[in-house]
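Biologist: I have the sequence and the model open side by side. Could you walk me through some of the strands and rings?

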Amino acid sequence: LLGRWLIEGGRVAADQISKVERICAEKGLPFEPAFLMDAFEEEQSQGVSIDSTRAQMEFGGQNYLFIDVPGHLEFLKNMTSGASGAELGILLIDAAEGVQAQTAMHLRILSILGIVNVVVAVNKIDKIAYQADKYLKLMAQAEELVQSLKLHTVGVVPIAALTGENVLYKGDKTNWYSGGSLLEIIAGHAAKRKASKAVEQFRMLLQDIYKLNDERYFLGSVVSGSVRPGDSIYFSPSGKSSKVESIAKFPNMQRSGAVEGESIAIKLTDQIYVERGEIISRPDQAPDTDSELRATIVWLSPHPLRFDSEYLFKIGTAEVLCTVDAIATEDAFNKPIVNGEILDVLLKLSHPVAFDRTGETGGINKFVICSTYETVAAGVIDSQNLHSIKIPIPNPNVRSEDGYLDRTSCEGMHGHKGTVLWLTGLSGAGKSTIAKALEKTLFQRQYRVMALDADNLRAGLCADLGFTTEERSENIRRIAEMAKFCANKGFIVVVACLSPYQRDRETARNIIGDSDFNEIFISCSVEVCKSRDPKGLYDSASKGTIKSFTGLDSPYQVPLSATLSLDSSQMSLEQEVAVLISLLKQKSIIEEASTEKQF
Ligand code: ADX
């Protein structure tokens with residue numbers, strides 16, 4: 001097929017064709033485009049630069065790069081280490097031989113490379129005498145296989161690369177086939193891709209931060225979407241946000257914007273401190289962050305996978321340490337995982353990284369795993385959220401019982417409405433102090449209030465939980481369920497919980513309900529929190545006795561759409577309480593006046 005593309009694409013000089021024709025004639029063989037490939041290989045060994053596995057050519061004003069993947073594992077390494085992901089896979093099936101065991105393996109590799117769109121080309125249709133019924137059987141088989149691997153069939157086409165039937169142009173021997181030629185199918189897909197590029201989300205990989213004449217520049221490559229001065233941007237996994245002041249493309253050229261494929265330097269409107277490895281996005285299209293991932297990998301090393309070894313995990317520009325656990329089968333632990341094997345794994349990372357759950361709309365979901373010396377695996381992150389998988393599904397045999405008191409009766413009895421104020425912020429920001437002061441004020445004014453301090457709950461209800469991302473998620477899920485319960489009993493619930501991840505706060509919002517969930521960000525810089533250090537934890541963490549401490553070696557993602565932000569380094573406690581009381585009034589949770597009592 002590649003030989004056919006080359007001939008039709010005008011990439012082969014007439015004398016080369018006649019040379020191959022002559023050799024074929026001498027050997028009494030019919031001319032085959034495949035022989036051209038052999039001829040190229042020979043030339044290549046003599047230093048002529050035609051790559052026998054890659055062919056670039058133009059058809060109808062559109063440039064194509066065809067890459068032949070002979071199932072070589074070495075090739076996979078090249079393919080995954082660069083940003084050279086193909087846009088479309090052509091699965092070539094021999095009409096005479098049918099779907100082979102290897103075919104499924106090749107398709108799985110495509111999916112690991114993030115190539116979800118596949119054209120099935122049933123080749124050598126001449127060998128089965130252009131028979132429609134045989135082709136249709138193969139077509140159904142191939143389509144089923146492609147779909148079973150969650151790939152998408154862009155088209156299925158009967159071709160004969162030898163004669164050119166249906167490769168570039170429709171031939172006359174398969175009149176029963178009503179679809180387009182292989183090239184027409186590919187061109188149609190390319191046009192669609194072009195249109196969809198316009199809606200791709202902005203993703204830039206942060207490579208470095210340069211200081212130049214006292215200005216800080218954030219360097220990296222735009223891998224999808226576009227960016228312009230004035231845009232609000234968000235850094236993941238650190239959760240920092242800022243605005244683009246200007247964009248430069250070295251050497252020293254100011255730019256009015258940048259698009260996919262460009263390496264640029266961004267100057268921000270304010271000073272933020274982040275490191276290489278972050279993904280820059282729009283605030284409302286932030287990628288996921290986690291330190292535990294489900295993924296599918298293909299093992300690429302002659303040395304077997306070791307479950308007790310630490311490897312280097314690389315995604316985008318981020319590099320962290322990881323260990324690999326198999327999740328698919330018990331068996332995986334018993335037999336060595338060797339070259340070419342594909343398996344489902346759970347990756348435990350030393351630090352959280354940012355990533356996307358799908359490669360669609362420009363998402364970053366592919367990674368490689370390296371040992372000290374080599375790339376040992378390539379993989380794709382599972383599209384299902386590890387944590388959402390964990391959220392228990394209620395047993396259908398358990399039915400909830402309506403109590404005697406419903407929310408309206410409770411609220412009527414209390415004389416005010418129920419709601420949740422969810423205080424989030426760093427350790428030492430003042431959440432507990434504010435929650436306690438607010439509890440006191442509301443109580444003195446005879447409102448029914450319930451303060452849920454995460455530190456206290458961790459002594460009992462959540463005593464089984466530590467501080468991995470997964471355990472923090474579970475912690476927040478439990479607190480959110482409790483808060484919801486109390487709000488439904490007409491209480492004003494004040495939650496004080498670090499809740500560092502946007503995703504977990506969104507889970508809390510979903511559990512509690514949008515109308516009851518008020519996200520209150522107690523903002524305070526790490527430096528101030530460190531200097532306060534009421535529990536001496538920052539001190540212990542900087543000495544290394546506490547690991548994954550939020551604000552130090554574990555991220556805090558600043559809320560993007562908090563109901564209120566209170567800067568505890570600027571406001572007094574009284575001011576903070578007053579602001580929260582006026583929020584409750586403004587939301588008609590409590591009335592304007594209420595008799596105050598001293599208890
Ligand atoms: S959350 O991350 O799951 O939301 P939560 O609010 O329950 O955290 O608990 C945070 C409190 O646990 C902190 O105020 C601090 O006292 C204590 N703590 C102990 N280890 C850590 C850690 N590694 N990161 C953050 N807080 C920690």
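Biologist: Happy to start with strands: in which sense do β15 and β20 pair, and over how many bridges?

Modeller: This is a predicted model, and in it β15 covers residues 288-299.

Biologist: Which residue of β20 does K366 stand opposite?

Modeller: Let's look at β19, residues 366-370, which pairs with β20 in the antiparallel sense over five bridges. A hairpin of four residues joins β19 to β20. In this pairing, the residue opposite K366 is V380.

Biologist: And how many residues of β20 are buried?

Modeller: Strand β20 spans residues 375-381 and is mostly covered. For the protein as a whole, buried residues make up 47% of the 599 residues. In β20 the count of buried residues is seven of seven.

Biologist: Now the aromatic rings, please. Is the pair of Y135 and W176 stacked or tilted?

Modeller: A search of the whole structure finds 11 aromatic pairs. For Y135 and W176, the ring centres are 5.4 Å apart. Stacked planes would have to be under 30 degrees apart and edge-to-face ones over 60. The planes here are at 40 degrees, so the pair is tilted.

Biologist: How far apart in sequence are the parts that Y135 and W176 tie together?

Modeller: Y135 lies in helix α6, while W176 lies in the loop between β5 and α7. Their cover can be compared with the cut-off for buried, which is under 20%: Y135 counts as buried at 1%, and W176 is partly exposed at 32%.

Biologist: What about F521 and Y556: stacked or tilted?

Modeller: F521 sits in strand β24 and Y556 in the loop between α16 and β25. F521 is buried, with a relative accessible area of 11%, and Y556 also counts as buried, at 9%. Their ring centres are 5.9 Å apart and the planes are at 15 degrees, so the pair is stacked.

Biologist: Last one: over which residues does pLDDT stay under 50?

Modeller: The mean pLDDT of the protein is 86, and 90% of its residues reach 70 or more. Where pLDDT is low, the predicted coordinates should not be read in detail. The stretch to treat that way has eight contacts beyond four places in sequence, and it covers residues 44-52.

Terms used. Residues numbered from 1 in each chain as written. Predicted model: local features only at pLDDT ≥ 70, side-chain atom pairs only at ≥ 80, totals over all residues. Heavy atoms only, no water. Buried < 20%, exposed > 50% of the residue type's maximum accessible area, 1.4 Å probe, protein only. Helix = DSSP H or I, 4+ residues; strand = E, 2+ residues; numbered from the N terminus. Pairing = 2+ DSSP bridges. pLDDT = per-residue confidence, 0-100. Contact = heavy atoms within 4.5 Å. Phe/Tyr/Trp six-rings, centres within 6.5 Å; stacked < 30°, edge-to-face > 60°.
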